[in-house]
Amino acid sequence: MGEKVVAGPIGLSDRQRYREKLQQCLAGLARLLAEKRFDRPKNLMGLEIELNLAGPDGMPRMMNAQVLERIASRDFQTELAMFNLEVNIAPHRLGGRVFDRLAEELRTSLAYAHRKANEVDAGIVMIGILPTIARDDLVSANLSDVDRYTLLNDQIVAARGEDFRLDIEGVERLSCTSASIAPEAACTSVQLHLQVTPGRFADVWNAAQAVAAVQVAVGANSPFLFGRELWRESRPPLFLQSTDTRPPELQAQGVRPRTWFGERWISSAYDLFEENLRFFPPLLPICDEEDPQAVLDKGGTPRLAELVLHNGTIYRWNRPVYGIDDGVPHLRVENRVLPAGPTVTDVIANAAFYYGLVRALAGEARPVWTRLPFEAAAANFDHACRYGIDARLEWPRRGRYGGTTRMPATRLVLDELLPLAAAGLDAWGVEPADRDLYLGVIEERCKRGVNGASWQSRTFHKALEDGMGRDAALAATTKRYAELMHLGEPVHTWPVGLPAPAVSLG
């Protein structure tokens, strides 16, 4: 959401003009693809992490402007609400000790940001949804003071025409309404970027869709919202409902939501951009002066600004991205499935697992997406969000008989996917020490049946058993989580429960 958008009145003609410009951009993209103008492979990956600001009491702090002023680094930016920040790690080439280098950069950046936040009695918490966030925190008054967010909120609210309904039934049920998109800010994610050639794009995107459920199962870290225990990974249903421009009648007609898993395997990147124009009305109809065809005629590279802006308002879990570096266009797959946290080691382990897995699956002779119905991949994703590390997933059978079978996600990872991820990391040229360290974290989570969500839930329930009230238990769980997060040992090693209070010897 980083584009500089200036709020202003939007007229009827603006939408028509924007739609025309979108078609011109799409034609420009088709021409770039046909003329093979895209960057050659550089094996580049990138990482963005959304973060929460919380005080020593575990409660959210609405002060990202003050914290960013102190951090004073372009690596850190605002996010949707005042208790959010985002950190961007510069692109790296996959290979060698890349994951150790990423971990070191991330630890340094987060430690610095945490020290700066401490100056105003706040701290950085890397977690999918802050357990202490309350409905009163997620109101439009707490959106970041950035024109783009104001305009986006206004347009989504206008498109919907009524309050947003949040209704998530998990361990407990949450049912409430919101007058703005602010509840979306509760969702803090890790975005993994992979630059790919147009020829490889469809295979990589299809592979990423196929493994999205597995990523969530091993990485879930968002079991609480507004004091209720919901799904193990509650971000996807919350994100869908809090940005849903469809009133119930349009939902009943089968109109697609803007937060979307998709509905089919693809054969090119063009498919996704074309679907975005065909299915989704523009929310931010702001036109650029550029004529993409004229730029192409002169041998230049068009920015395709309208297409990029529109694409940023459709929240696919694996999103296509068009970008330009040094005047050369490129395509990326942006994987948006994972929650933030728990620790830097866990985040990098999730990344290593993903990059290894998509490399291996995208190169298979009989790719998984030719053997797994798309509907099964979508159902797997919902199931993994609901049950986390305890999910059972549908997956193609090994051997010549074909068909699919349902199995525990942990067994699928241990028996089939970790060896594939290891082979994929080898193919990227990643050092065995990096490969074994970070895939070892995923292996231990699966063997112990522990991830961030299960730790949060068990610790919360232990606090309840020890006589704490719900709000106190959530706050205590959050404080303990933050403490262990900053110590940095991966979540599968964390002791469940709260530390015993110190006994005074006085």
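The legends below describe close-up views of a predicted model. Local features need pLDDT of at least 70 and side-chain atom pairs count only at pLDDT 80 or more, while totals for chains, interfaces and linings use all residues. Residues are numbered from 1 along each chain as its sequence is written, and side-chain values use heavy atoms, with hydrogens and water left out.

**View 1. Packing of helix H3 against helix H14.** Helix H3 covers residues 98-118 and helix H14 residues 432-448; helices (H or I, at least four residues) and strands (E, at least two) are DSSP runs, numbered from the N terminus. The axes lie 8 Å apart and the packing angle is about 60 degrees. Axes here are lines fitted to C-alpha atoms, for helices over the stretch in contact, and angles run from 0 to 180 degrees between N-to-C directions. H3 and H14 are therefore oblique to each other (angles under 35 degrees count as roughly parallel, over 145 as roughly antiparallel, 65 to 115 as roughly perpendicular and the rest as oblique). From H3, Val-98, Phe-99, Asp-100 and Ala-103 meet Asp-434, Leu-437 and Tyr-438 of H14. By class, this contact of H3 with H14 has 5 nonpolar, no polar and 2 charged residues (Ala, Val, Leu, Ile, Met, Phe, Trp, Tyr, Cys and Pro count as nonpolar, Asp, Glu, Lys and Arg as charged, and the others, Gly among them, as polar).

**View 2. Salt bridge of Asp-100 with Arg-97.** A salt bridge is a side-chain nitrogen of Lys or Arg within 4 Å of a carboxyl oxygen of Asp or Glu, and the count comes to 35 salt bridges. The closest N and O atoms of Asp-100 and Arg-97 are 2.5 Å apart. Asp-100 is partly exposed at 26% relative accessibility, and Arg-97 is partly exposed at 35%. Buried means under 20% relative accessible area, exposed over 50%, and partly exposed in between (1.4 Å probe, protein chains only).

**View 3. Salt bridge of Arg-303 with Asp-288.** The N to O distance is 2.5 Å. Arg-303 sits in the loop between helix H9 (292-297) and helix H10 (305-311), and Asp-288 in the loop between helix H8 (269-279) and H9, so the pair links distant parts of the chain, 15 residues apart. Arg-303 is partly exposed, at a relative accessible area of 45%.

View 4. Asn-276 is buried, with a relative accessible area of 1%. Leaving aside neighbours within four places in sequence, Asn-276 is in contact (heavy atoms within 4.5 Å) with His-310, Asn-311, Ile-314 and Arg-316.

View 5. The structure holds 16 aromatic pairs. Phe-239 and Trp-317 form an edge-to-face pair, 6.0 Å centre to centre with 75 degrees between the planes. Phe-239 lies in helix H6 (residues 235-242) and Trp-317 in the loop between strand S11 (315-316) and strand S12 (318-325), so this pair ties together parts 78 residues apart in sequence. Both Phe-239 and Trp-317 are buried. Phe-261 and Phe-374 form a tilted pair, 5.5 Å centre to centre with 55 degrees between the planes. Rings of Phe, Tyr and Trp (its six-membered ring) pair if their centres lie within 6.5 Å; planes under 30 degrees apart count as stacked, over 60 as edge-to-face and the rest as tilted. Phe-261 is buried at 9%, and Phe-374 is buried at 5%. One aromatic cluster is formed by Phe-239, Phe-261, Trp-265, Tyr-315, Trp-317, Phe-374 and Phe-381.
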